[in-house]
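Open the model in your viewer and follow the stops below. Each one says what to select and what is found there.

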Amino acid sequence: MKITGATVFVGGPAKNYVTLKIMTDQGVYGLGDATLNNRETLPAAYLRDYLIPNLIGMDPRNSEDIWQLFYRGAYFRRGPIAMAAFGAIDMALWDIKGKLANMPLYQLFGGKSREGALVYAHATGADLEDLIDSISHYVEQGYKAVRVQCGIPGMPTASYAVPDKKGDVRNYITDYSGIKPKVEIWDTDRYMRYMPGALAEIRGRFGADLKILHDVHHRLLPREGAEFAKAVEPVGLFWLEDPTPAEDQDALKLVRQHSTTPIAIGEVFNSVWDCNKLIENELIDYIRLAATYAGGITPLKRIVDLAGLHHVRTGFHGAPSHSPISMAAQYHLNAWAPNFGIQEYLVLGTPECDALFPSGHRMENGMVFVSDAPGLGVDFDEQEAARYSYSPGSHPVVRLLDGTMWNY
Ligand code: GCO
Ligand code: MG
């Protein structure tokens, strides 16, 4: 069996999804997602210029050897661009494998450990009152877990993932449009003084059963992260995400020594070498890599197994930047993983997105139910795709009150 060709498409409804389609001489094709938010043209170029020319003629069933070839063969290894590009190939090869076996991917991993997998939605508000409305909306929709972010009184601009103005915040998505980044101003002191009380108020309002998550987006120093994690202990968070900069694995030692608040990290990691110490030293509770940036299903499944040895559960990234293809890869891992924790969920649901990526994966009562279709269980409608094209964007940047650059 041979790979006969592969194409890359960049575009989508309000997002520049990078979609890879690998064709074979047996008519079976596989799909992969290489979307790297706001740098989408780079994994697309890596695929088109280097990886696809090497793929032609290879046996698509040898997904392990192909992954090793691209990883070891790159010499300058890792990094989000390369790993997103390999990730798309790896997903597409698993998709082909599942279709050849006539089985959904979770069967190839070891079958289902659960029927529905818990997901969390994003609630946000310019202030606490709006945030509470937003949480109520998701609770009414049946969500059992909600990530909560709100504006901080006196902060010169909105803080992370929070709208500038009060209003309808049910489907709020950060505006990344335009190549010149928007500047947000961050004030750690105000955040540290305000947010623990706001979280306590949310707990009081919604009761003990709601799973409450909060994302610090790497903005605190290790000592501040420790103070914050300790201050929010009475709230009983499901997790505190990215309290400290993710590139420093040692930073979480201090947080761990001072608090029992569960910690989640990893959406910006690209390989096991970014999180091996965190997992082996049991400094975290949830690991958040995405199938895309981790380099696909092959390496992500190994990270899940390593995490399982150390009581670390999964909480895969699921920001709207991921297409339904990599979300499907994660749904299959979620269905199987004995150490599954939760799945972030935002992608599906718009009619345009469903038309571009038809699939049988279902969301019901805050749980995702994986499709039984062979392979990834998601398709790509190329006629729909013709409606979209690439439009450049950028993440906001963050400065402190005195102008110093900080972490977005
Ligand atoms: C999350 C993340 C995202 C990131 C985004 C960057 O927890 O979902 O923090 O919202 O900001 O993926 O591209
Ligand atoms: Mg996050």
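A residue counts as near a molecule when one of its heavy atoms lies within 4 Å of it. This is a predicted model, in which local features need pLDDT of at least 70 and side-chain atom pairs count only at pLDDT 80 or more, while totals for chains, interfaces and linings use all residues. Residues are numbered from 1 along each chain as its sequence is written, chains are lettered from A and ligands numbered from 1 in the order in which they are written, and side-chain values use heavy atoms, with hydrogens and water left out.

**Stop 1: ligand 1**

Select ligand 1 and the residues near it: 15 residues surround the ligand, and the closest are Asn37, His217, Glu267, Glu344 and His395.

Next, display the polar contacts (pairs of N or O atoms within 3.5 Å). A polar side-chain atom of His217 is 2.8 Å from an oxygen atom of ligand 1. For Arg288, a side-chain N or O atom lies 3.1 Å from a ligand oxygen, and for Arg147 the distance is 3.2 Å. Of the 330 Å² of accessible area that ligand 1 has on its own, the protein covers 91% (Shrake-Rupley method, 1.4 Å probe).

**Stop 2**

Asp215 sits in strand β7 (residues 211-215) and Glu241 in strand β8 (residues 239-241), 26 residues apart. Asp215 is buried at 2% relative accessible area, and Glu241 is buried at 0%; buried means under 20%, exposed over 50%, and partly exposed in between (1.4 Å probe, protein chains only).

**Stop 3: Val183**

Move to Val183, in strand β6 (residues 183-186). Val183 is partly exposed, with a relative accessible area of 40%. Its C-alpha atom is 29 Å from that of Ala294, 111 residues apart along the chain.

**Stop 4: the whole chain**

Zoom out to the protein chain, with its 13 helices and 16 strands. Helices (H or I, at least four residues) and strands (E, at least two) are DSSP runs, numbered from the N terminus. The C-alpha trace spans about 60 × 45 × 45 Å along its principal axes. Of the 408 residues, 59% count as buried.

Conventions: A polar contact is a pair of N or O atoms within 3.5 Å; within protein, one must be able to donate a hydrogen and the other to accept it, and residues adjacent in sequence count only if both atoms are side-chain atoms.
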